[in-house]
Structures are given as C-alpha cells and as structure tokens.
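Dear colleague,

Please find below the structure that I am handing over to you.

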Amino acid sequence: MEYLDGVHVDSYLATNPSQEERDRYGTLIMRFSFRSAHAAKLWYADANPGNFLFLRDGRLGVIDFGCCREFSDEEWTFYKDVSTAHRQGGEAFRRMMIRAASLDPDQPQDKRHVDLLESVGHWYSDYLLHEGPFDFGDEAFIRRGIELMGEAAKNRYFQTLPVNIWIARLLIGLRALAHRLGARIDMKTLNEQESQGVLL
C-alpha cells in the first residue's frame with residue numbers, strides 16, 4: 001500500500017483555489033476516467049468524492065478500485081457505437097438509444113419513452129461536442145440531468161442493457177464532482193485525445 005498525502009474535495013475547495021487550478025484538477029479527473037476506459041477498457045464506476053485526493057504536490061490521487069468493470073469486446077463495441085451514433089445524430093442516435101434501453105428498434109415504440117431516452121442520451125453526451133471548455137458549474141446543466149432522471153423514474157423506465165448501469169454510475173459521479181469543483185473542461189478535445197491514444 002502507498003500513502004497519498006492529499007485532501008478531499010471540500011478541504012481542497014476551502015483553500016480557495018483559483019479557477020485555473022479547479023479546471024486543471026477537473027481535467028485530471030476526467031482524463032483519468034477516459035484513459036482507463038480507452039486504454040484499458042476498464043470502467044472505474046465509483047466516482048464519489050471520497051475516492052479522489054487532491055495531493056499537496058499538485059497530482060491527483062485515486063483510491064478504492066473495488067467497483068470497476070472490465071468491458072467485454074461486445075460491451076466495448078456498444079460503447080463505441082453509442083459515440084458514433086451520437087456524432088451522427090438524428091435517426092441513428094434515436095435507434096441507438098432504443099438499443100441501449102434493450103428495446104427492439106424494429107418494433108413500434110412509445111414515443112414519449114423514446115423521446116425521453118434521447119433527451120437523457122443528449123444530456124450524457126452533448127458535452128463531448130461542445131467547442132471549448134464546458135462549464136460543469138452551470139446549475140441549469142445539473143438541474144436538467146436531475147429532472148430527466150426523475151422523469152424516467154416516475155414513468156418506471158428502468159429497462160436497460162446491464163453495462164449501462166456501470167456507465168451511468170460513473171458519468172453521473174463525474175458530473176457531480178466536476179460541478180462541485182465548478183470546473184471548466186474542454187471535453188471535446190480531451191475525448192478526442194484519449195480515444196486516439198494521445199498521451200499527454
């Protein structure tokens with residue numbers, strides 16, 4: 001075991017770090033998560049604030065790897081297919097959201113259900129198309145996600161591919177942590193770098 005000399009997010013924020021520092025740590029957190037996925041097909045699904053340490057030397061510490069999932073080839077192909085469909089948009093993305101919910105895209109679907117699936121999918125993914133730094137401190141962005149999840153729960157839209165439980169757990173946790181930091185992160189560039197294996 002190794003001792004990491006750092007503090008958790010609330011103690012870090014109590015030091016009144018600059019916007020630049022908060023952006024840098026937010027980028028490190030996102031880069032760690034995306035690199036784990038793209039380089040190792042390992043999904044670190046426990047992005048709660050207690051598992052990230054802000055080290056005194058400026059590095060990021062990550063602990064507790066008890067909730068990880070190594071993607072199968074089929075699951076990784078699905079993950080990449082969602083990304084491709086999102087960039088294509090329109091009917092391609094709509095059909096992918098139906099597939100993600102473990103529904104038959106060739107069968108008639110409840111329009112309200114599919115519309116909500118699309119809205120949730122866009123909330124999860126649109127920041128990857130945003131030009132320049134994305135402001136995770138935006139209250140409206142976080143509120144929109146909470147409203148969408150509440151609407152899905154109210155309508156009992158729980159059916160999904162099993163791997164999506166792990167994906168959602170991480171992505172929601174990352175957003176909450178980046179929001180707590182008020183971080184502004186160039187997610188489009190970061191995602192392109194990590195998906196292409198560009199090491200920085």
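Arg35 is partly exposed, with a relative accessible area of 24%; here, buried means under 20% relative accessible area, exposed over 50%, and partly exposed in between (1.4 Å probe, protein chains only). This is a predicted model, in which local features need pLDDT of at least 70 and side-chain atom pairs count only at pLDDT 80 or more, while totals for chains, interfaces and linings use all residues. Residues are numbered from 1 along each chain as its sequence is written, and side-chain values use heavy atoms, with hydrogens and water left out.

What does the side chain of Arg35 meet in a salt bridge? The partner is Glu194, at 2.9 Å from N to O. A salt bridge is a side-chain nitrogen of Lys or Arg within 4 Å of a carboxyl oxygen of Asp or Glu. This pair links distant parts of the chain, since Arg35 lies in helix H2 and Glu194 in helix H8, 159 residues apart. Helices (H or I, at least four residues) and strands (E, at least two) are DSSP runs, numbered from the N terminus. Glu194 has a relative accessible area of 5% and is therefore buried.

Glu194 also forms a salt bridge with Arg31, at 2.7 Å from N to O. Here too the pair links distant parts of the chain: helix H8 covers residues 187–195 and helix H2 residues 19–40, and the two partners are 163 residues apart. Both Glu194 and Arg31 are buried.

In general, side chains of opposite charge can pair when their charged atoms come close. The structure holds 16 salt bridges. Another of them joins Asp5 and Arg56, whose closest N and O atoms are 2.8 Å apart. Asp5 sits in the segment before strand E1 (6–7), and Arg56 in the loop between strand E3 (52–55) and strand E4 (60–62), 51 residues away. Asp5 is partly exposed because its relative accessibility is 37%, whereas Arg56, at 60%, counts as exposed. Elsewhere, a network of salt bridges links Arg94, Lys111, Asp115 and Glu118.

I turn now to the nonpolar core, a set of buried Ala, Val, Leu, Ile, Met, Phe, Trp, Tyr and Cys residues joined through side-chain atoms within 4.5 Å. The largest one has 55 residues, of which Met30, Trp43, Phe52 and Phe136 touch the most other members. Helix H7 (residues 162–181) gives the most to this core, with eight residues. Leaving aside residues up to four places away in sequence, Met30 is in contact (heavy atoms within 4.5 Å) with Phe136, Leu174, Ala178, Ile185, Met187 and Leu190.
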